[in-house]
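Me: I have a model open on my screen and would like to learn how to read it. Could you walk me through some features, one at a time?

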Amino acid sequence: MPTLRPLLPVLLAVVLSVPAHAAHAAHAAHAAHAAHAARADAQDEGIETARTTRQIAPGIRLESYDRLEADRRLRIDELVADLGGSTGVRAEYLGGKGTVTVAEAAARHPAGPGRRVVAAVNGDFFDMLGTGAPLGPGLGAGRLLHAPAPGGRAAAFDADGTGRVLRIGLAGSVTLPGGAVRPLAGYNAARPPAEGFAAYTADWAGNAIGIPDTGPGAAVELRDGKVVAVEVRDGEAAAVAMPDRSAVPAAAQRTVRRPERRERPAPGTTLLAARGAAAAELAALRPGDAVAVDARAAPATGPVPLAAVGGRELLVVAGVARNHDGRTNNIAAPRTAVGFSRDGRRLHLLTVDGRQRDSGGLTLTGLGRMLRRLGAYEALNLDGGSSSTLLAGLPGTNTLALENAPAEGQLRAVANGLVLTAPAGSGRTTGFRVEALGGGPAGAPAATRLFPGLTRSLTATGHDEALGPAPGTPRWSATAGRIRSDGVFRAPRTGEATVEARRGTAHGTLRLDVLGPLARLRPVPARIGLARAGESARFALTGYDAQGAAAPVEPRDVTLDFDRSQWKVTADGRGGLTVTALVPHATGRLRATVPATGATAELALGVGLVTLPLADLEDAAAWTGPGAAPAEGNPGRGIALDVGGTPAAATPPRPLPVPELARSVTLRVAGDGSGARPAVELADADGTALTVYGPAVDWTGWREITLPLPATAEHPLAVTRLTATRGSRPGRLRLDTLAAPTPRTGPAAPERARTDPIVATAAEVRARPWRFAVSAARRGTGLHGPGPTRKTGPGSCRRSGVWLSGSGAHARRVVVGRRCSASTPSSALRSHAPDPDSTALRAADATSTTLPEADGADLVLTGAEPQPFVHRGVRFLPLDTARRTLAGGGLARLRALREALAAATREPGTGALAVVQRYAPGTVDRGEAALLARSLAEFRRTTGKRAAVITVGAPRFAAARSEGVLTLDTGPTGHTLVGADPFPPPGCDWLSVHPR
């Protein structure tokens, strides 16, 4: 429960400075926010699913973590910096003249002597569709760069390095001939004031041709405090020629006519504009008149900051997260934010990815709650959406790496940002960052794994004591295997190896995991389609051992067979390969072989686009939605979208599948010049929405538009709606022929059918210490508990009693009486025997009958069991798959999984964990399934215990394994008999399966 103690200084100041009724209102507002924060804490039930930490420089670290919330996933990157003091870390204004990406701005930022740039984020909201200039205040090196008339909120940094959130206004004046002083209403402001004076200088942060059109009024150009040109506007253009120009050199005299866009003022030059009554005073000026412009930052509290960047919504105030519920911008979106500790010395720079399957973004309210949990006493929202960018350095380099995933798949040009600089080091090598090359796209196996007899390329990057660049070539060594002087390691056998790079006392190490022998090979992706000759794409090769553990396979370990007259294939230097088309149209295959093991894989190739139709809209009458109606198409039938005050949309009778390799979708649009903007909405297999937007329709007549699909889009995709939003006025768009330009390739090579070793004969299953059955028939609500276990002799045990599935009239009784194999410790089995008087046994119904299909089985699993239980060394975890992953189901299942993993880890008599779930397509998404697999693989790796996932009622029987975790899908009918030994001999599986 948050305390109001941090609010007392604020409340006291309010009480002393405002009337009693106002003080009461302020107190009530703070109390309301505190109460909201308390309620929100109870609702913040998300679970962190992954985290990495990297030191960027002394006093700066990067925390990257994933979270699963009840209704979304989140991917978060957080820079944590200790400002000022012994670390010397400073936050500075980033940007300057025109919109550029954060990476471009950081690369040219002058850090100053003895300092270097180590991290950066995007900053203020900006006039994206107009001038490109930031909307709020900005200060750099103690100098005011821009400020709107009313001021704005900003993240500010003082001379001692500490940070704070405050409002910064403009204290400016214009002194006219004769001594009249007028207030300055804007300074390099993106949106000039409707009334009064605004000044623009060489510090203008907008685009070079983007100084605002100041509209009707007057403007003068000043140089060295003197007027050199005058312009008067009446809404169109009017040049004013000045009769007396003797005071100004001829070269500097000119009459300014109204251009469509203005150039940025040259250094030493100021453009002073005026609107309203002030325009007459400027219009009266003549070349040579003396005019003084003074502009200063006016912070609401404290001294003028050394640096500041504007923001918008307050997220945390005096330690309390603000509630933005009901506000327009309080939607789940990509976010960038800045937060400070109470003393201003701890800085949090945060980005949250959004509009993606793996990260749905945060609301402002949720963002504030997150920052407060991270320790922010005050926090401010910066520009988000596709602007969100976070870059951080890598030890041993001055290059900044992109850490977050921009919503559009690429960096957006922005107006400004914040950059972190730190003292440079000595340049003497004190350590090495050792890395393994290899792997493919996100989700590829770790490059720190490899197979016996194959290689891994390693790099060693030297760094100094400040983690900055340091020269030096190391000597390599390894605890097992062989490593060459160039860092190529060859694994000898299954196990672990540690490689070391050393130069004098400087060293770095990396642990490598050598898996079992390579059993099979797979290309990622399985197909590559290129649009034209000369285009290239990357692919990687992933290998698997007999347990399904995966590792990258490097180009040097394979031979390639392909048509060299049509394709060029080269190693890309990152552990993968690049294929380039040499001809405009072709299809073919590439065959990769690992000579050391004989494993092979085939990659389908193609070049040349073909347009595949998605919908001809001849069924326009079947499309429904607001503002949608059948209309004349081009040719035939089409759909009209009437866009008025609300967007129009047309939904097809069923989703329209998009080809897997499609680069874009095309749509024919008949425009009316209204500026309405068409869009295509899609969804992936998990239902995650994606929207691609077309241009504003400023034309009339028919035109085909192309809407590129983001590179980050997760296939398979399907079109779910066509929409249009209003432009400058109501409009009507007609649409026809939706298609997808797609590179042609042959089908992906089918994987060779394999029978997993756990599939066994009935005799082999019966030879196991004990057995259970899996049946898709729902005869009850689930398992209640096992019967008693009774020791009957050395090395064996006899169980007698009943196993109940269901309750009441639906309860089933399975009569069991069998001997266990001596390989299972009787003490382990006995330690988990239930009380014979347990609730489960007392629930037995006298009418229950023996299940003939469960003969010889201790129990029958249906996937509807209500609670976890332990039986003879196996902990069973039933997972309820009724709710969708992002409708609370995923969070509930993950919680249950973590509890079961923790219990199984600490139980000495438990040798295996079996997750049991009913087949539920559409409820458990790919992300949740991957998280389950990863969690069980980690459990197996760290504990040495066994794990399996049993899916009941799948379309067909299947048995496989991944990372040593067994997976068993039982069919929709019949039952499957499973033999279990949770403590098998080394090298043996713990399950044997016989489908019936």
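Predicted model: local features only at pLDDT ≥ 70, side-chain atom pairs only at ≥ 80, totals over all residues.

Me: Which residue forms a salt bridge with E535?

Reply: Side chains of opposite charge can pair when their charged atoms come close. Here the partner is R532, and the closest N and O atoms of the two are 3.1 Å apart. R532 counts as partly exposed, at 48% relative accessibility.

Me: How exposed are R511 and D513, which form another salt bridge?

Reply: In that pair the closest N and O atoms lie 3.0 Å apart. R511 is partly exposed at 36% relative accessibility, whereas D513 is buried at 18%. The cut-off that matters here is 20%: a residue under it counts as buried.

Me: How many salt bridges does the structure hold?

Reply: There are 44 of them. One is formed by the side chains of D82 and R346, at 2.6 Å from N to O. D82 belongs to strand β3 (residues 73-82) and R346 to strand β21 (residues 346-352), so this pair ties together parts that are 264 residues apart in sequence. Both ends are partly exposed: D82 has a relative accessible area of 30%, and R346 has 29%.

Me: Now to the helices. Is α5 mostly covered or mostly open?

Reply: Helix α5 (residues 364-373) is mostly covered, with nine of its ten residues buried. Among the buried ones are L364, L367 and L371, and also the charged-type side chains R369 and R372. Just after α5, G375 takes a positive phi of about 110 degrees.

Me: What does the whole chain look like in numbers?

Reply: The protein chain has ten helices and 68 strands. Of its 996 residues, 53% are buried. The chain exposes about 41,800 Å², and carbon and sulfur atoms supply 53% of that area. For contacts, take those between residues at least 6 apart in sequence: 69% of them join residues at least 24 apart.

Me: Which helices each supply at least two residues of the lining of the largest cavity?

Reply: They are α9 (889-906) and α10 (926-943). Helix α9 gives the most, with four residues. If you want to find the site on screen, look for lining residues including L879, R893, Q917 and E928. The lining divides into six nonpolar, two polar and two charged residues.

Me: Which residues lie nearest the centre of the second largest cavity?

Reply: G95, V100, A105, V414 and A415 do, out of 14 lining residues. At least two residues each come from β4 (90-100), α3 (102-107) and β25 (414-423), and β4 gives the most, with six. By class, this lining has six nonpolar, six polar and two charged residues.

Technical notes
Residues numbered from 1 in each chain as written. Heavy atoms only, no water. 1 Å grid on protein atoms, 1.4 Å probe; cavity = no way out; pocket = protein on both sides within 12 Å on 5 of 7 lines; lining within 4 Å. Buried < 20%, exposed > 50% of the residue type's maximum accessible area, 1.4 Å probe, protein only. Contact = heavy atoms within 4.5 Å. Areas by Shrake-Rupley, 256 points an atom, 1.4 Å probe, with all protein chains shown as cover. Salt bridge = Lys/Arg side-chain N within 4 Å of Asp/Glu carboxyl O.
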